[in-house]
Amino acid sequence: MSGILILAFVISILSHRYYVGASVRSARDEVNFESVNLNVDLSRVLKRVNERFLSVAIDASLVAEEKFMYLLTSPKLRTLAQALSPAFLRFGGTRQDFMTFNPAFLHSNEYHKNSVFDADDLCERLELPPILEERLKQEWALQEVLLQKEDLQRKYRSVKFTEYAVDLLYSFTNCSGLDLIFGLNELLRTTGNSWDSSNARTLIQYCESKQYSMAWELGNEPNSYEKKAGIRVNGYQLGQDFIQLRGILRESKLYHDTGLYGPDISQPRDHRRDLLEGYYVNGRHTSLKDFLDPEVLNTLALKTHEVMETVDLASPGKKVWLGETSSAYGGGAKGLSDTFVAGFMWLDKLGLGAKLGLDVVIRQVLIGSGTYHLVDDNLDPLPDYWLSVLYKSLVGPEVLSIEAFSILGKTKRVRVYLHCTNKKSTNYKIGAVTLFALNLSKSPARIAVPAMVSNSTVEAFVLQSEQPGEEGLYSKSVKLNGEVLKMVDDRTLPSLQGTPLAAGEHLRLPGYSFAFYLLSEAQALACR
């Protein structure tokens, strides 16, 4: 797993509902739909991504005050996280380079005696009492205001965290079936500007004493260190720092062959490739139309190709990750990044990223500061969460070739992707495929099923805003086949059922919607 290159790419939108009922269609709808034909190849796998392709992050801002780490013991949050497994959980972000490990028990023999939590025990033993959870959620909402002020001013305070925070984080990932990647502080520098690894070594030794199975990352967007901390770390020095960390891990019996991920860098500029230095358009200056603009969505391909070329030259065969991504940088776009319309960017990024050969895409964030989270301050799931769960359930790692055409040529407003179906899907059959599509237009589309799979029954999972019209794009609720999605209770998710369609029937994609179509009897050679 070592030596994998992460691309931290918060594709910003230029910083980068209309509602058509599933069962009621007017005559006008029938006239104004866009007719789409598909060209598919079911004979070979185009790309194969990691089974944990869709992964998530918890922002290091959560440890700015250690008490907020206890939110990770919420049964509700744990239930939501479990539905995203298998996945990596990256703990990091801007504040990881301002935090240091400060154990409450300083002597190594006391580590073993006094650490209060056992990771396996915690799943059953420690749960956040409802009254304390409510208090912490209210306080976290106030804390976010302070964190956003720091982000605006680019003035970050140093944070110390203890073994209690580490125990809570590891226990959360362990109980949720996720694989932890812990981001280490690289801004701890010596007078010679090499990485001061002493604090990381102390943390690694503690985690080894607890037998915590985890991977590591060093630094967050080192290309931005000059802006954040007035420190310049060039590409050569960054490489030396990683070599030093790999040496420390190789001294460990537990972490000898564990994953080391990085460098975590942002978008490349044309005149700089030594660190693939990035730039983002500010999320505070974007608009609704940017989320629906196919040209904005296509910027992912342009930037990814640049990075792939550089990686192929420097280190052929290395995997590239989208290591920290959402809709807009700067904590997201207020009133947009946590609403229904954000799903167009998110689903397209998953489809296009896999097609381009990105191995893993890590969503910023499951929970943490900003407006691009999957779960809100009340720990209720937002539209992108439900979209992520459906993707996990229905989409397998094998990417197949597909193109969409309308009468005028290649369609821009209807975007389609095709994978083998997830073999763990409830209705999986050998050779099944999952088609997923986005309609960026207010007008409905009608997709013709290719002749080679026209005999297959289809199960449709259509996601629309709770409210009709363009105003619905701002909604924080989503409907699956006409039913609003919400948790049954804090420990139970609803059953995500598709609607069966007859074999050969056209697939109807309402305006401003996205959908998954499971073709169980496709008998795709590539998926057998």
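**Entry 1: arginine 154**

I started with arginine 154, which comes out as partly exposed at 35% relative accessibility. I am working from a predicted model, so I keep that in mind throughout. I found arginine 154 in the loop between helix 5 (130-153) and strand 7 (159-161). I noted the background here: most residues other than glycine have a negative phi, and most peptide bonds are trans.

**Entry 2: tyrosine 512**

I looked up another positive phi, at tyrosine 512, where the angle is about 50° and the residue is again not a glycine. Tyrosine 512 sits in the loop between strand 22 (507-509) and strand 23. Is tyrosine 512 buried or exposed? I have it down as buried, because its relative accessibility is 10% and the cut-off for buried is under 20%.

**Entry 3: cis peptide bonds**

Next I went through the peptide bonds. I found a cis bond from glycine 262 to proline 263, with omega near 0°. Proline 263 belongs to the loop between strand 10 (260-261) and helix 10 (288-291). Valine 365 is in strand 12 (residues 360-367).

**Entry 4: the disulfide**

How many disulfides does the structure hold? I count one. It is formed by cysteine 420 and cysteine 527, whose sulfur atoms are 2.0 Å apart. I read -85° about the S-S bond, and the link is left-handed. Cysteine 420 lies in strand 15 (residues 414-421) and cysteine 527 in the segment after strand 23 (513-519), so the pair ties together parts that are 107 residues apart in sequence. I checked burial for both partners. Cysteine 420 is buried, with a relative accessible area of 1%, and cysteine 527 counts as buried at 4%.

**Entry 5: helix 2 against helix 6**

I moved on to helix packing. Two packed helices are described by the angle between their axes and the distance between the axes. For helix 2 (residues 75-82) and helix 6 (residues 163-176) I have an angle of about 50° and axes 8 Å apart. The two are therefore oblique to each other, and helix 2 passes helix 6 in a right-handed crossing. On the helix 2 side I listed Leu77, Arg78, Ala81 and Gln82, which meet Phe172, Cys175 and Ser176 in helix 6. By class, that contact has four nonpolar, two polar and one charged residues.

How enclosed is helix 2? Seven of its eight residues are buried, so helix 2 is largely enclosed by the rest of the structure. I noted that the buried set includes Lys76 and Arg78, along with Leu77 and Leu80 among others.

**Entry 6: helix 6 against helix 7**

I followed helix 6 to its contact with helix 7 (residues 198-209), where the angle is about 55° and the axes are 11 Å apart. That makes helix 6 oblique to helix 7. The crossing of helix 6 and helix 7 is right-handed. Glu163, Val166 and Asp167 of helix 6 meet Leu203, Tyr206 and Cys207 of helix 7. I sorted this contact into four nonpolar, no polar and two charged residues. I also looked up cysteine 207, which counts as buried at 0% relative accessibility.

**Entry 7: helix 12 against helix 13**

For helix 12 (residues 342-356) and helix 13 (residues 383-394), I have the axes coming within 10 Å and crossing at roughly 25°. That makes helix 12 roughly parallel to helix 13, since angles under 35 degrees count that way. The crossing of helix 12 and helix 13 is right-handed. Helix 12 brings Ala342, Gly343, Trp346, Leu347 and Leu350 to the contact, and helix 13 brings Asp384, Leu387, Ser388 and Tyr391. These residues divide into six nonpolar, two polar and one charged.

**Entry 8: phenylalanine 33**

My last stop was phenylalanine 33, in the loop between helix 1 (27-32) and strand 2 (34-41). Phenylalanine 33 is partly exposed, with a relative accessible area of 21%. Which residues does phenylalanine 33 touch, not counting those up to four places away in sequence? I found Pro444, Ala445 and Arg446. I also noted leucine 509, which is 476 residues from phenylalanine 33 in sequence and 9.1 Å from it in space, C-alpha to C-alpha.

Technical notes. Residues are numbered from 1 along each chain as its sequence is written. This is a predicted model: local features need pLDDT of at least 70, side-chain atom pairs count only at pLDDT 80 or more; totals for chains, interfaces and linings use all residues. Side-chain values use heavy atoms; hydrogens and water are left out. Axes are lines fitted to C-alpha atoms, for helices over the stretch in contact, and angles run from 0 to 180 degrees between N-to-C directions. Helices (H or I, at least four residues) and strands (E, at least two) are DSSP runs, numbered from the N terminus. Angles under 35 degrees count as roughly parallel, over 145 as roughly antiparallel, 65 to 115 as roughly perpendicular and the rest as oblique. A crossing is left-handed if the near helix is turned anticlockwise from the far one by less than a right angle, and right-handed if clockwise. Contact means heavy atoms within 4.5 Å. Ala, Val, Leu, Ile, Met, Phe, Trp, Tyr, Cys and Pro count as nonpolar, Asp, Glu, Lys and Arg as charged, and the others, Gly among them, as polar. A disulfide is a pair of cysteine sulfur atoms within 2.5 Å. Buried means under 20% relative accessible area, exposed over 50%, partly exposed in between (1.4 Å probe, protein chains only).
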